[in-house]
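Subject: Structure handover

Hello,

Here is the structure you asked about. My notes follow below it.

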Amino acid sequence: MTEDSPTVHALKAAALDAVRRRWHLFPLRPGSTEPALRDWAQRATANPLRIGRFWDTQGPHNIGLVPCASGLVVLELAAAPPGELPPPA
C-alpha cells in the first residue's frame, strides 16, 4: 500500500475525525487488532497533531480506541451458541 493510497488517507481522516470528538486513540498494527505501541493505554491520545504525525510517518494503521478515557461505554452482546441456553439472570 503506497503512502498516498486512498486507504492511508481514509484511515488518517477517520483517526482525525475521532480525535475531534476528543476520543483517545492509539494505532493498531495494519490489518490487525494488535496494538502497534507498547504502553498503548497510557500513550493513547486525543491530540490531533500527534495522531496526524503518526499516520503521516508510520503509514496506514488500524485505529484503536480507549473507551473509558474517551468518555464512552462499550456493550458487547453475543447470542448463545445454537442449542445452549443463556445463564439465568
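This is a predicted model: local features need pLDDT of at least 70, side-chain atom pairs count only at pLDDT 80 or more; totals for chains, interfaces and linings use all residues.

**Overall layout**

The protein has three helices and two strands. Read from the N terminus, the order is α-β-α-α-β. The C-alpha trace spans about 50 × 30 × 25 Å along the principal axes. The radius of gyration is 16 Å, whereas a compact globule of 89 residues would have one near 12 Å. Buried residues account for 27% of the 89 residues.

Contacts come next. Take those between residues at least 6 apart in sequence: 61% of them join residues at least 24 apart.

On charge, there are 9 positive and 8 negative side chains. The centres of the two sets lie 10 Å apart.

**The core**

Which residues make up the largest nonpolar core? There are 10 in all: Leu11, Ala15, Leu16, Ala18, Val19, Leu25, Leu37, Ile51, Phe54 and Trp55. Helix H1 (6–20) and H3 are the elements that give two or more residues to this core. H1 provides the largest share, with five residues.

Ala15 is one of the core residues. Leaving out residues up to four places away in sequence, Ala15 touches Leu25, Ile51, Trp55 and Ile63.

**Two buried loop residues**

Thr45 sits in the loop between helix H2 (40–43) and helix H3 (48–58). Is Thr45 buried or exposed? Thr45 has a relative accessible area of 10%, so it counts as buried; the cut-off for buried is under 20%. Beyond residues up to four places away in sequence, Thr45 touches Val19, Trp23, His24, Leu25, Arg50 and Ile51.

His61 belongs to the loop between H3 and strand E2 (62–65). His61 is buried because its relative accessible area is 9%. Which residues does His61 contact, leaving aside neighbours within four places in sequence? They are Leu11, Pro27, Leu28, Arg29, Pro30, Ala36, Phe54 and Trp55. Among these, Leu11, Phe54 and Trp55 are also members of the nonpolar core.

**Ala46**

Ala46 is in the loop between H2 and H3. Its relative accessibility is 24%, so Ala46 counts as partly exposed. Ala46 touches Val19, Arg22, Trp23 and His24, again not counting residues up to four places away in sequence. Val19, Trp23 and His24 are also among the residues that Thr45 touches. Ala46 and Lys12 are 34 residues apart in sequence. Their C-alpha atoms are 13 Å apart in space.

Most residues other than glycine have a negative phi.

Arg22 has a positive phi of about 70° and is not a glycine. Where does Arg22 lie? Arg22 is in the loop between H1 and strand E1 (25–28). Its relative accessible area is 66%, so Arg22 is exposed. Arg22 is also one of the residues that Ala46 touches.

Asp39 has a phi near 55°, also a positive value in a residue other than glycine. Asp39 is found in the loop between E1 and H2. Asp39 counts as exposed because its relative accessibility is 54%, and the cut-off for exposed is over 50%.

**Separations from Ala10**

Ala10 is in helix H1. At 46% relative accessibility, Ala10 counts as partly exposed.

Gln42 lies in helix H2. Gln42 is exposed because its relative accessibility is 64%. The C-alpha atoms of Gln42 and Ala10 are separated by 25 Å. Along the chain, Gln42 and Ala10 are 32 residues apart.

Best regards

Key:
Residues are numbered from 1 along each chain as its sequence is written. Side-chain values use heavy atoms; hydrogens and water are left out. Helices (H or I, at least four residues) and strands (E, at least two) are DSSP runs, numbered from the N terminus. The radius of gyration is taken over C-alpha atoms; the globule rule is 2.2 Å times the number of residues to the power 0.38. Buried means under 20% relative accessible area, exposed over 50%, partly exposed in between (1.4 Å probe, protein chains only). Contact means heavy atoms within 4.5 Å. Lys and Arg count as positive and Asp and Glu as negative; His and the chain ends are not counted. The place of a charge is taken as NZ of Lys, CZ of Arg, CG of Asp or CD of Glu. A nonpolar core is a set of buried Ala, Val, Leu, Ile, Met, Phe, Trp, Tyr and Cys residues joined through side-chain atoms within 4.5 Å.
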